[in-house]
Amino acid sequence: MNLSLHYRLARRAWLLLSTALLSACGGGGGTPAPAPTQLLSGKTEFVSARPNSSINADLMTMQSATANASANARKVEEGDIYRVLDDGKTIVNLNQHRGLQVIDIANPAQPKILGRLALPGNPVEMYRQGEKLYVLQNNWQEYRRLRQDGKESLENYAGGALLVIDISQRTAPRQLQSVRMPGYIQTSRLASGAGQSALYVAAFQYAAAPGSIGGMQITNGEQAVLQSFALDANGLLQEKSRLNLSGYLQVLQANGERLLAARLDFATQSSQISLIDISRADGVMSAGGVVTAKGMVTHKRQLHIQDGILRVVSARTAGLPENHVQTFDISNLAAPKAVDAKTFGAGQSLFATTFLPDRAFFVTYLRQDPFHSFSISPGGVLREEAEFVVSGWNDFFAPVNNHQQLIGIGVNDANNKRKLALSLYDIRQLNNPNPLLMRAEVELDSAWSNANWDDKAFSVLENAANVLAADGVTRETGLALLPFSGWNTAAQTYQHGVQIFSFSATTLSKRGVMLTNEQAERSFMPQSAQPLAAALSHTGLALFDASNPNHPVARGSLSLARNISQFSVIGQTGVRYHARSRSWGSAANPGRDQLELVQAAQAGQVDSAAALSVIEVAPQSTIHNAGGKLAVLHTEVSPASTAQNRKVLVSLTLFDVSNPAQPRELGRLLNQEISLAASPYILDCMSVDICGGVTLDVRVIGDAILLAGRRAHSEGVGEASRHWQSYEISVIDLRNPAAPLMLPDKIISAADQEAVTLHTDGAMLWLNYRKNERADAAGMPQAKYWLQRYDFSTPQWRKVGQDVNLPGELAGVAGNQLYSKDFHWSGGQIEQSLNQSTLQGDLAYLQASLRNSGQSWHEIALDGARVLASGYRNAQAGKPSVEVYTVQNKAFVLENTIAPPSWTSLRYAKDGKLLLSDWYGVLLFDYSQSNQAYAQAWHAGAGYNGLSVHNNQVYLPAGLGGIVQFDLQSANLNAP
């Protein structure tokens, strides 16, 4: 596969902007190593290096720190998503779904979560200093109540943030401080020494500007910022200095005294490298000079400082690719001087790079993989010593055995295959014509690893093993842990795991595999005294005994982010829906989802409470409270479906869950076929619930379950065509729980009755539809809205009265009062009105109407005598609002106005409490007092499905984020 640096750069930049996640030398395959064999002769007394000395991203990142280290030098540390505490007994994990997790692994067979702190946004990295964590988040959400000009408002901040978290109580981590870092945090460094520590953080802000990469606009203006913070005596962050830098800042590198900030200039295909003095222990920075790399610096491993000499390797990707290595004398930081420069790898893209004290090694790739070795004199003079050509490429290097060998992580693409591979190079002699000692590959075809682009994903550990190589003589004492994913042809499934390799100075062997459910983000050995290996992913932690690397033994595992897609309270029992069925690219699909039953009366605990019992159900089922019984509904496409006649199979199971420890099945309805005309896409789906072509609105009303589907209709062709849907509602009779029955009679709307909304009120179903009318005098299209009423006092429903003409869409029903939203033509534009009508007989009598120019309401809710209308006060200005009205003397009177942030959704309004969902959590407002509405609380946890309130407890199933649970009386937004 021919991967260019331009592609890798574009992918990395794109991933950074979307806050999501999203490139080594080859030849030959490794020979399976024999089982460990005991030696019966030789030395019997040994002195060894400390076990599990890890070589991973931190070592390579801090090459420059060790290159000039002295006894009093500051230590520079790079952040990560995990840290190991308490002599390997505890892991703190920064999980993208669940926030901060404190994990107890003292007993590897039974790891457990001790404490958790929900954190909105996307994790970048964290540091630990004593009992405090310093967490960097992007898309951090924060709300503050403000008062300006006598009016209260709600300020919403969304951007980067630095958080200080106290973990002295492992079971209850708590946030001490949040510091806003506007923009998007790229990376950071923590420097410690002389009893003081300072944090340096790089970020950039989005702006429209010339040039783009991966669809992202890039500017050469001052969009990058570098800030420093001192850690005070209480461990809190105090801002010390700020530098504004031009260009797109992507790379930081540092030693104890110097920080390098590389900024990309896409127009010139080069990087500007700012030299920054960070020698002051109090964290104050000062800017030095700037040097220009001849190409682009896109990774921290392309920069290195040795004895006052800056080494830089860079790549140009436009036109014919070329690569450059340069040296600069930066002993005078304010006036750096160019020393030497060399060009290499013409026409090829730059991949793995590493600098050692007097040497450098680079990999370039096009259709072959040159391994370039350079010597570097103390004064910075460069000389290319050798170019060794093999297949494939390396993404990253790790030096081992006192810099005498290199471990390369990458891909072997020989023989038109693509194999994830580990390579061992001998680098003692720079002019070695054949430095590749051995290579070993992951078995799966087209396997890939997070280590292809994240140098923190893998670990290389010296003195961590003692096994024989294939020759039966050589002892391999080093281990490499490489996460992978790939297609297992034999098993016809995706497979994930961590491949174990062992190595010596001359040999490299592929060992056993630690299988996981998804690819690990990190693989490491947390305990120096035990051969315990850990594989940490977004959703789980797996622990293995790696004392025999050929056959690692699973010790324990822990789910870190179970997918809870639904939650329902039935009586005193909480039902969690654990969506275990997985999507494309997963490991073995378990095939069944699970319902986990817990006690509902556990304030704040239903997410983590141990299940008292488990019920297995078909994937993509839905759960419902059917008169105090648990109803599990499953729909799938019928084999009898055709393009002309869509058919759906419906199955229903009822359970008594009054005793959550012993649920009891009551009865079933299996594979009842209903017809639904819908989109052709339905035939491509296995389940109705995940198909875009069918919408089934499930309602429980009295002793019946309603399955409201829609039939599709169209007329005309091309631009003159019109498409609409009409209701078809099937009814399941639940009066005999042992034998639920699909009734033969359906509610079927006429083809010209276009579906609008459904509402239930007590035993009544209100069906709202519209029919086209003649155009008005100006030729503008018109429609009439109608109501049908159905009495479900018994499942043998009956239609009530005649259809009722209503002013617009039905928004809510309160007794005989109907609330609706109507539409009016005004100057060629649609205006809306809010209406209250009184139903008498078969007529709706309009009592109050509110029509405002520019008003745009999207959601309307009723709370007793109050009407809440959510939308935009001025559609053009785009200012969201929730307005609270009462009807007095046949007029809508504004009682409260709430100004929420944009992109919120109204989820609940009752007894003066309003719940709005945003992208990262739930806002709670109090509007119980006229003209005194205020924001009461905000709770982190994204989720737009199935919010429910029971006994003042709010439950929001947030998928991998778990269940967000809080009390309607909770308050965490302080008054201004």
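Q: What share of the 976 residues in the protein chain is buried?
A: This is a predicted model, to start with. In it, buried residues make up 56% of the chain.

Q: And how many helices and strands?
A: Three helices and 75 strands.

Q: Now sheets. What is the strand order in the open sheet of five strands?
A: The order is β3-β12-β13-β16-β17. Pairing is antiparallel.

Q: Which strands stand at the edges?
A: β3 (75–77) and β17 (237–245). Each has a single partner strand, so one side of each is left without a neighbour in the sheet.

Q: What does the twist average from one strand to the next?
A: 20° in this sheet.

Q: Back to β3. How many bridges does β3 make with β12?
A: Three, in the antiparallel sense. β12 covers residues 184–193.

Q: Which residue in β12 stands opposite E77?
A: L190.

Q: What holds paired strands together in general?
A: Backbone hydrogen bonds, with the strands either parallel or antiparallel.

Q: Changing topic: P399. Which strand is that in?
A: P399 lies in β29, residues 382–400.

Q: Is P399 buried or exposed?
A: Buried. Its relative accessibility is 2%, and the cut-off for buried is under 20%.

Q: How far apart are P399 and F355 in space?
A: 9.7 Å, C-alpha to C-alpha. In sequence they are 44 residues apart.

Q: Next, β52 and β53. How do they pair?
A: Antiparallel, over five bridges. β52 spans residues 697–701, and β53 spans 704–715. I701 stands opposite A704 in β53.

Q: What about the hairpin turn there, which residue takes a positive phi?
A: G702, with phi near 60°. That hairpin has two residues between the strands.

Q: How many bridges join β53 to β54?
A: 12, and these two strands also run antiparallel. β54 covers residues 722–733.

Q: Which residue takes a positive phi in the hairpin of β53 and β54?
A: G716, near 75°. Six residues lie between the strands in that hairpin.

Technical notes
Residues are numbered from 1 along each chain as its sequence is written. This is a predicted model: local features need pLDDT of at least 70, side-chain atom pairs count only at pLDDT 80 or more; totals for chains, interfaces and linings use all residues. Side-chain values use heavy atoms; hydrogens and water are left out. Two strands pair if DSSP finds at least two bridges between them. Helices (H or I, at least four residues) and strands (E, at least two) are DSSP runs, numbered from the N terminus. Axes are lines fitted to C-alpha atoms, for helices over the stretch in contact, and angles run from 0 to 180 degrees between N-to-C directions. Buried means under 20% relative accessible area, exposed over 50%, partly exposed in between (1.4 Å probe, protein chains only).
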